[in-house]
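Please examine the sequence and the three-dimensional structure shown below. The explanation that follows is intended to be read alongside them.

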Amino acid sequence: MLKIEERRLKVTFTKSGAGNFTPRTALPKVWCDKLNITQEEREIAVKLKLNPLSHVVKDKRIVLIDDSIVRGTTSRNLIQNLRNAGAKEIHMRITAPPVKYSCYYGIDTPSRKNLIAASMSIEEIKELIGADSLAFISIEGMTEAARIGGDKLCKACFDGLYPVDPCLV
């Protein structure tokens, strides 16, 4: 497993701050409207928005940090683009647990069939997106990091335990 102190380039990938570049990253910070677009439109948007700079990533070991993997489209395309730009290794770290259940409270996940973690193991996801390694924070780790009581934090998209019956939403 890659130790964080061994990394050569850290890339944070956000959905906020459209058009903002930071000097230490190889990619712009990206905003992507997840609502009301088709899968084909999402894939085209990802390809247009994620263009790594070859002279920055060539021969580097990259630790790619993202907030979640929902469908896998963005991660798969981003990793492929980084490999095409010459990245030596790509290790992905996700700051949320695997999204296994539909969210009826804000994330555009109307069906579990669209959620990559609902039907695949972490190892299978790693292979599908093309990462050298993949790790997610645990539900317990996320709850601790949030610094609020676990009973006050909705974790339904991770554990399937909905605080309000989804049929009532």
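The paragraphs below discuss salt bridges and a surface patch.

This is a predicted model, in which local features need pLDDT of at least 70 and side-chain atom pairs count only at pLDDT 80 or more, while totals for chains, interfaces and linings use all residues. Residues are numbered from 1 along each chain as its sequence is written, and side-chain values use heavy atoms, with hydrogens and water left out.

The structure contains 5 salt bridges, a salt bridge being a side-chain nitrogen of Lys or Arg within 4 Å of a carboxyl oxygen of Asp or Glu. One of them joins the side chains of Arg61 and Glu89, at 3.2 Å from N to O. Because Arg61 belongs to strand S2 (residues 61–66) and Glu89 to strand S3, this pair ties together parts that are 28 residues apart in sequence. Strands here are DSSP runs (E, at least two residues), helices are runs of H or I of at least four, and both are numbered from the N terminus. Arg61 is buried, with a relative accessible area of 17%, whereas Glu89 is partly exposed at 21%; buried means under 20%, exposed over 50%, and partly exposed in between (1.4 Å probe, protein chains only).

A further salt bridge links Asp132 with Arg83, the closest N and O atoms being 2.9 Å apart. Asp132 lies in the loop between helix H5 (122–129) and strand S4 (133–136) and Arg83 in helix H3 (residues 73–84), so the pair connects parts 49 residues apart in sequence.

Glu123, Lys126 and Glu127 are linked in a network of salt bridges. Within this group, Glu127 is exposed at 53%, whereas Lys126 is buried at 14%.
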